[in-house]
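Here are my notes on this model, as numbered points. Please read them with the structure open.

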Amino acid sequence: MPEGPAPAPVTQRLRVRYAKRGRMRFTSHRDISRAVERAVRRAGIPVAFSAGFSPHPKISYTGAAATGVASEAEYLEIGLTTHRDPDQVRTALDAVLPDGLDIVEVVEAGAGALAERLEASRWLVRLDGVAPDVADAAVRAFMAAGEIEVERLTKKGRRRFDARAAVIACEIDRRATQDTDVECAILRMVVRHTTPAVRPDDVLTGLRQVADLAPPSPPMVTRLAQGPLDDSTGELTDPLASDRQTAPAGDDAAASADAVRATAPDAVGAQS
């Protein structure tokens with residue numbers, strides 16, 4: 001048995017929504033977790049540690065986006081040994097994280113597992129060099145198909161799976177396309193979380209199979225949201241809603257809305 005006192009118990013759990021923007025989208029999940037651990041130490045946050053010969057901070061990640069993918073809705077949970085104000089933790093963490101890793105919100109965790117609430121993701125995919133009408137025809141063919149089998153290398157080896165069944169919605173965002181200064185198609189899609197996971201690149205593989213859609217340059221993919229899926233409407237809801245004690249009001253609500261709208265130009269802008 002390891003010598004020394006037992007680690008302090010967790011007295012508070014916080015759920016954190018963070019964004020992965022700009023060049024940080026190329027950072028691996030392992031490097032992001034290291035950056036978060038360093039930020040927690042620098043910010044003086046009383047994180048709890050596991051027991052054993054190699055104690056590690058009690059920080060867990062849920063539904064992390066793949067390397068190369070930007071995101072406005074990544075989530076982690078952190079266990080603390082003493083209570084802290086969630087807003088103060090958000091400010092302290094955001095101040096010491098690298099540019100492009102931005103803390104959006106911190107709330108105290110309520111009952112239930114966060115992972116169980118993340119049922120689907122909303123994605124935005126920019127295809128430079130693809131005419132919107134060409135992409136629209138490909139999307140229509142994809143959505144009309146009953147099954148589209150694709151193959152991808154996973155941790156368990158090569159697997160074939162149906163990419164069509166997980167796609168709840170997929171369409172061309174023509175308004176966003178009009179705001180760009182180069183020819184491109186911008187897709188918005190809602191994809192259910194499945195095992196194995198169906199990712200935007202799997203959907204693009206399916207588009208190539210059914211309509212020979214092959215963008216001349218790598219797509220820019222951004223996760224806009226993830227959370228519970230309303231099957232009646234196909235829309236996502238906020239996974240932190242039940243944890244949040246009070247909704248923003250007045251000026252805070254306006255500021256929150258402005259912050260969400262401000263992410264749209266970055267999502268459809270040219271790659272940097």
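1. The buried residues of helix α1 are I32, S33, A35, V36, A39 and V40. Buried means under 20% relative accessible area, exposed over 50%, and partly exposed in between (1.4 Å probe, protein chains only). Viewed down the axis of α1, these buried residues fall within an arc of 160°, so they line one face of the helix. The arc is taken from the directions that run from the helix axis to the C-beta atoms. An α-helix has 3.6 residues a turn, so residues three or four places apart point the same way.

2. This is a predicted model: local features need pLDDT of at least 70, side-chain atom pairs count only at pLDDT 80 or more, and totals for chains, interfaces and linings use all residues. Residues are numbered from 1 along each chain as its sequence is written, and side-chain values use heavy atoms, with hydrogens and water left out.

3. What sits on the other side of α1? R30, R41 and R42 are exposed there. The cover over the buried residues of α1 includes β1 (12–20), β2 (59–62), β3 (70–80), α2 (86–96) and β4 (101–108). Helices (H or I, at least four residues) and strands (E, at least two) are DSSP runs, numbered from the N terminus.

4. Helix α1 spans residues 29–42, which is 14 residues. From first C-alpha to last it reaches 20 Å, close to the 20 Å expected at 1.5 Å a residue. That expected span is 1.5 Å times one less than the number of residues. Just after α1, G44 takes a positive phi of about 70°.

5. How do the axes of α3 (residues 132–144) and α5 (residues 200–211) cross? They come within 9 Å and cross at roughly 95°. That makes α3 roughly perpendicular to α5, a label for angles of 65 to 115 degrees. The contact (heavy atoms within 4.5 Å) is made by A138, V139, A141 and F142 of α3 and V203, G206, L207, V210 and A211 of α5.

6. A109 lies in the loop between β4 and β5 (120–128). A109 counts as buried, at 17% relative accessibility. Setting aside neighbours within four places in sequence, A109 is in contact with R13, L14, R15, E77 and D243. A109 and R244 are 135 residues apart in sequence, yet 8.4 Å apart in space, C-alpha to C-alpha.

7. Searching the whole structure finds zero disulfides (cysteine sulfur pairs within 2.5 Å). C170 counts as buried at 10% relative accessibility. C184 is buried too, with a relative accessible area of 1%.

Key:
Axes are lines fitted to C-alpha atoms, for helices over the stretch in contact, and angles run from 0 to 180 degrees between N-to-C directions. Angles under 35 degrees count as roughly parallel, over 145 as roughly antiparallel, 65 to 115 as roughly perpendicular and the rest as oblique.
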